[in-house]
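Reader: Hi! I'm new to reading structures. Could you walk me through this one?
Author: Happy to, let's bring it up.

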Amino acid sequence: MTTYLVATVKSWNIEAFQKYTANLPGNWQLITSRDQLTTAYLAELQPAYIFFPHWNWKVPTDITRRYCCVCFHMTDLPFGRGGSPLQNLILRGLTATKLTALQMTEQLDAGPIFGKLSLSLAGTATDIFQRAAPLVYQLISQIINQQLTPRSQQGEVTYFDRRIPAQSQLPDTASAAQLYDFIRMLDGEGYPPAYINVAGWRLEFTAAETDSDGQLTAKVRFVPVTDTDGEKP
């Protein structure tokens, strides 16, 4: 029986693994930490593919060269190579994107593409990631059932810069719509929320909503200001 491996660290992708792999052919294994992705374990498992729906670390070259490693990038590649794709897309005013399945190579987000599916950018970061999770398994199903051959990327290459936690501070001037987008794009598991610093406190904003009058409401959490940066988006 063919073995497939999924490596992910986000709760929505772990839930999707449990839900969707039961309907896929083969023997499916899941790892959820960096320490589990070892050459010894992979040599024992011998996976036909290793799928990375959301992984926080660079995969060693000796693994990407030996196994077919597939990652999923939230842009219409080659547009938007690089970090923080969800946030960069929303900041550019886009309302929809493509979820792209591509083979991992030594150059970031430059590998050949297996396929793409349309993805709405409505809602919070959590909403978007949860919406993307089943699309990942649609793409996986196409790859293994149709034995897809990846094709080289075509078109103009553009790059996104990875955002840092300090960039989560609310801008000094913005409309209600712009503030709504800024708050929601950071409203997700593992991301530093939008914030402002006031009188020794960090006010963190989530659950943003706008009404018909153009007013904005949000949930606010007061946290003592520290030097901790948190995880990069």
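Reader: Is Cys 68 buried or exposed?
Author: Keep in mind that this is a predicted model. Cys 68 counts as buried, with a relative accessibility of 18%.

Reader: And how many disulfides are there?
Author: The count is 0.

Reader: What about Cys 71?
Author: Cys 71 is in no disulfide either, as its nearest cysteine sulfur, again in Cys 69, is 9.1 Å away. Cys 71 is buried too, at 14% relative accessible area.

Reader: New topic! Which residues touch the most other members in the largest nonpolar core?
Author: Those are Trp 28, Tyr 49, Phe 51, Val 70 and Phe 72, in a core of 45 residues. Helix α5, residues 125-145, gives the largest share, 12 residues.

Reader: What is Phe 72 in contact with?
Author: Leaving aside neighbours within four places in sequence, its contacts include Phe 51, Pro 53, Leu 99, Val 136 and Ile 140. Apart from this core lies another, of 18 residues, with Leu 5 and Met 104 among them.

Reader: Which residues make the nonpolar surface patch?
Author: Trp 201, Val 220 and Phe 222 make one of about 290 Å². Val 220 is part of strand β11, which covers residues 216-224, and is partly exposed, at 35% relative accessible area.

How values were computed
Residues numbered from 1 in each chain as written. Predicted model: local features only at pLDDT ≥ 70, side-chain atom pairs only at ≥ 80, totals over all residues. Heavy atoms only, no water. Core = buried A, V, L, I, M, F, W, Y, C linked by side-chain atoms within 4.5 Å. Buried < 20%, exposed > 50% of the residue type's maximum accessible area, 1.4 Å probe, protein only. Helix = DSSP H or I, 4+ residues; strand = E, 2+ residues; numbered from the N terminus. Contact = heavy atoms within 4.5 Å. Patch = residues over 30% accessible without salt bridge, like charges linked within 9 Å, V, L, I, M, F, W, Y side chains within 5 Å. Areas by Shrake-Rupley, 256 points an atom, 1.4 Å probe, with all protein chains shown as cover. Salt bridge = Lys/Arg side-chain N within 4 Å of Asp/Glu carboxyl O. Disulfide = S-S within 2.5 Å.
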